[in-house]
Amino acid sequence: MGTKHGKLMRGLEAAGKSDKTFDGIFGARFGRLFPKSHAAEFSDHSLTTLANAMISPFDAPKDSPDDEESGIPALYTYLGQFIDHDLTFDPDSSFQKQKDPNATEDFRTPAFDLDNVYGRGPGDQPYLYQDDGISFLLGDPITQGTNSGARDLQRNSRGRALIGDPRNDENSIVSQLQGLFLRFHNRIVRDAINKHQNPVFEDVQKQVRKTYQYIVINDFLPKIVSADVLEKYKTRGLYDPAKLRVFKDFKEPFMPVEFSVAAYRLGHSMVRPGYRLNDTVLVPIFPLPAETAPGFPEGLTGFRRLISDWAIDWGRFIDIDIRDYGSADDAEAKKKEVIQQNFKRLQFAYRIDTALVTPLKTLPPSVAADPSSLALRNLQRGMEFGLPSGQAIAALLYLDEKDILPDDKILIGQGLDKPDPGSLNPITDIDKSFAGKCPLWTYILAEAIQHKTDVKIPVKQDLKISTPQLGPVGGSIVAEVFLGLMFADSHSYLSELNTEPGWAPDNGKDYRLKDFVEYALG
């Protein structure tokens, strides 16, 4: 979950190099949760060694269940990426950037406001909208999914998506999720017209935003953060701004680097080696070099016109219907046969742990380069921007000693329930220099391995899957930023609870991402 991996968001580089950005000047876009913290330093060799250890052995895309799967449906990985793009959306013109190349001034504050969908609105970007000035334009039809209305994003002659934030075309999954948001908006407009109402753009936009914010707080956040962590931010079952500890009392909202450079990169570990989009398409998330894994020249790489038969069967990504869990044993015993319950199954995100899949070691040039390893990029970024160690942040949060991971509990590898001997090792076995000071991103992922919860998964069988979630350090950072930004926005769903107590989309307290998808597809 990050920006286009080859390019830093405007303002982040300045934040990393300038003390001014952090010492109480919260008008800047980026800042720190802990302004006076001390940077953890590591050698290039130790970071490279750790990055390599955090890449899992090659595992080809497949249909059957996998021990590395969590209990979180796969679409949540890409909702997380979509949320990141919303919070860090940069609509500024090139002229504004020329005036402020280091982005030391604030042009926009982060918020859950769907600017990555709406851009600057129909008045300023009319080419995103239909002639009615309310509904979004969609692209060419795409096929092989289960929804007859599936369409690509609107694109120019070079195949580049014409959308509020071009980053939401980074891969073929997030681009189709972007399309669902456009269709959700259009469905509200269409339903209003069918009821002989006169829809107003601002009213429709407000309804979409509040529905999205509700999902973020009540569905996505509890999927990734331990319930014990979230409970500390509630009073009588409702999130309470008075319970925020570090991300509060700012003049203007800003984006903490502890969040953007470390904690919210949890989603990188949730990416599967590949995905089945529909009955005909099963490919890696990104192409693989022949020397790494021959036979995988194609991937879900974006920034191009969507291949016409790549429409997503959404039931493979989110539980809009209930399917068979599948059988790894049947797949192993009948390697040359199509196991129907595996072929149609709901795919689950990989576990939040200290392991990234092989395709993320060699990102395509359109996504990132120098280095192309996502793990190494994350580790280098953390040091470049002076992030403290995970243990230092734990101390700054005044965690109990029992909640701070000792070195022998900071494990590197796949956080399986029954790992193979030697496959999950303490970080100090990787490099002794990490004793007592683990890079924050790695610490947060390792912490999740120690905070598993049994999740009942939405399949035909009665099954629970052990699922790592963010613990006291990672969970606190993510929860503080999500809740802090939401409370700071006077127009947000949480702020409006003051005037609309108990509000929920469609008056349904159990409204979830699957309900959003179902409505958008209608």
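D279 has a relative accessibility of 35% and counts as partly exposed. The model is predicted. D279 sits in the loop between strand 6 (274–276) and strand 7 (282–284). Two salt bridges of D279 are described below, one with R316 and one with K344.

## The bridge to R316

The side chains of D279 and R316 form a salt bridge, at 2.9 Å from N to O. R316 belongs to the loop between strand 7 and helix 10 (328–333), so the pair ties together parts that lie 37 residues apart in sequence. R316 is buried, at 1% relative accessible area. That value falls under the 20% cut-off for buried residues.

## The bridge to K344

D279 also meets K344 in a salt bridge, again with an N to O distance of 2.9 Å. This pair links distant parts of the chain, 65 residues apart. K344 lies in the loop between helix 11 (340–343) and strand 8 (348–350). K344 is partly exposed, with a relative accessible area of 30%.

In total, the structure holds 26 salt bridges.

## An exposed pair

D462 and K456 form another salt bridge. Their closest N and O atoms are 3.7 Å apart, inside the 4 Å cut-off. D462 and K456 are both exposed.

Methods
Residues are numbered from 1 along each chain as its sequence is written. This is a predicted model: local features need pLDDT of at least 70, side-chain atom pairs count only at pLDDT 80 or more; totals for chains, interfaces and linings use all residues. Side-chain values use heavy atoms; hydrogens and water are left out. Helices (H or I, at least four residues) and strands (E, at least two) are DSSP runs, numbered from the N terminus. Buried means under 20% relative accessible area, exposed over 50%, partly exposed in between (1.4 Å probe, protein chains only).
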